Amino acid sequence: MGKNSFKIMFLDVGGVLLTNGWGHDSRQKAAAEFGIDFMEMEAKHNFIFNVYEIGRITLDEYLDIVVFDKTRVFTREDFKAFMFSRSIELPGMLGWLIELKKNNSNLKIVSINNEGKELNDYRVKKFQLHNCFDAFISSCEVGMRKPDPGIFRLALGVVQAAPHECIYFDDRIYLVDAAQRLGIRGYHHLGFESSKKIIEDLMG
C-alpha cells in the first residue's frame, strides 16, 4: 500500500458535517430562550451528559435531571423541538463526500461520534447520513465515547483494517490526538476546503 493510500475514512459528525447536536452554544441559547439559569443547567448537564451519550439513560431521563427537575412554564416537547432544531448541516462537506462515494465505489466511510441516541437517530434520518456512511460507531450504541481508545479499537475491528490503513477527521484536536495514539492517521478538521484538499491529496 502506498504511503498516501487508505482503506477507511473515519469521520466525526458534529463540527465536521453538522453543527454539534447539543453543544455549549446551543445550551446557552436554550437557557436564554426558555428563561433557565444557564450556570445551574450547565452544572447538571456536566454531571449527567456523559451517561446519556453512552446510552445509559434516555433523553427524557437526561431532561428530568437537567431541565425538568422543577416546574417549568414550557413543555418538554417544546424544549426537545428546540434541541433538535440546533442540528444544521455545515456548508460543503456532506454533499461533497456523498458525491465522492458515488465516484469511488471502493471508498468506505464510517462515523465515530459521541451522541445521545435520540439526537443521533434524528440526525441520521434528518440529514440522510446513510448516503454518506457505511457504518455508524456511535457512543450511544457501543457504550463508549471518545477519547476512550476502546471506541477506536472497536471501529478498527468492525472495518477489519489496521490503524495505518485508516484516516480520521475531527474538529477537536485532542480527539485527533487520541486516534493518532493508536496509529490511525488523524487530521484536524478546520473547514471544508482544507479537509477536501487533504482527502484529494491522499487519494491522488
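**Helix packing and sheet arrangement in the predicted model**

Ile 57 lies in the loop that joins helix H2 (38–53) to helix H3 (59–66); helices (H or I, at least four residues) and strands (E, at least two) are DSSP runs, numbered from the N terminus. The structure is a predicted model, in which local features need pLDDT of at least 70 and side-chain atom pairs count only at pLDDT 80 or more, while totals for chains, interfaces and linings use all residues. Residues are numbered from 1 along each chain as its sequence is written, and side-chain values use heavy atoms, with hydrogens and water left out.

Ile 57 is buried, its relative accessible area being 18% (buried means under 20%, exposed over 50%, partly exposed in between; 1.4 Å probe, protein chains only). Residues up to four places away in sequence aside, Ile 57 touches Ile 48, Val 51, Tyr 52 and Tyr 62, contact meaning heavy atoms within 4.5 Å.

The axes of H2 and H3 come within 9 Å and cross at roughly 155 degrees. Axes are lines fitted to C-alpha atoms, for helices over the stretch in contact, and angles run from 0 to 180 degrees between N-to-C directions. H2 and H3 are therefore roughly antiparallel (under 35 degrees counts as roughly parallel, over 145 as roughly antiparallel, 65 to 115 as roughly perpendicular and the rest as oblique). The contact involves Met 41, Lys 44, His 45, Phe 47, Ile 48, Phe 49 and Tyr 52 of H2, together with Leu 59, Tyr 62, Ile 65 and Val 66 of H3.

From H5, the contact is made by Met 93, Trp 96, Leu 97 and Leu 100; from H10, by Phe 192, Ser 195, Lys 196, Ile 199, Glu 200 and Met 203.

Five strands build an open sheet with parallel pairing, in the order E3-E2-E1-E4-E5; two strands pair if DSSP finds at least two bridges between them. At the edges stand E3 (135–138) and E5 (185–188), each with a single partner strand, so one side of each has no neighbour in the sheet. On average, neighbouring strands of this sheet are turned by 20 degrees against each other, direction ignored. Strand E1 (residues 8–11) pairs with strand E4 (residues 166–170) in the parallel sense over four bridges, and Phe 10 stands opposite Tyr 168 in E4.
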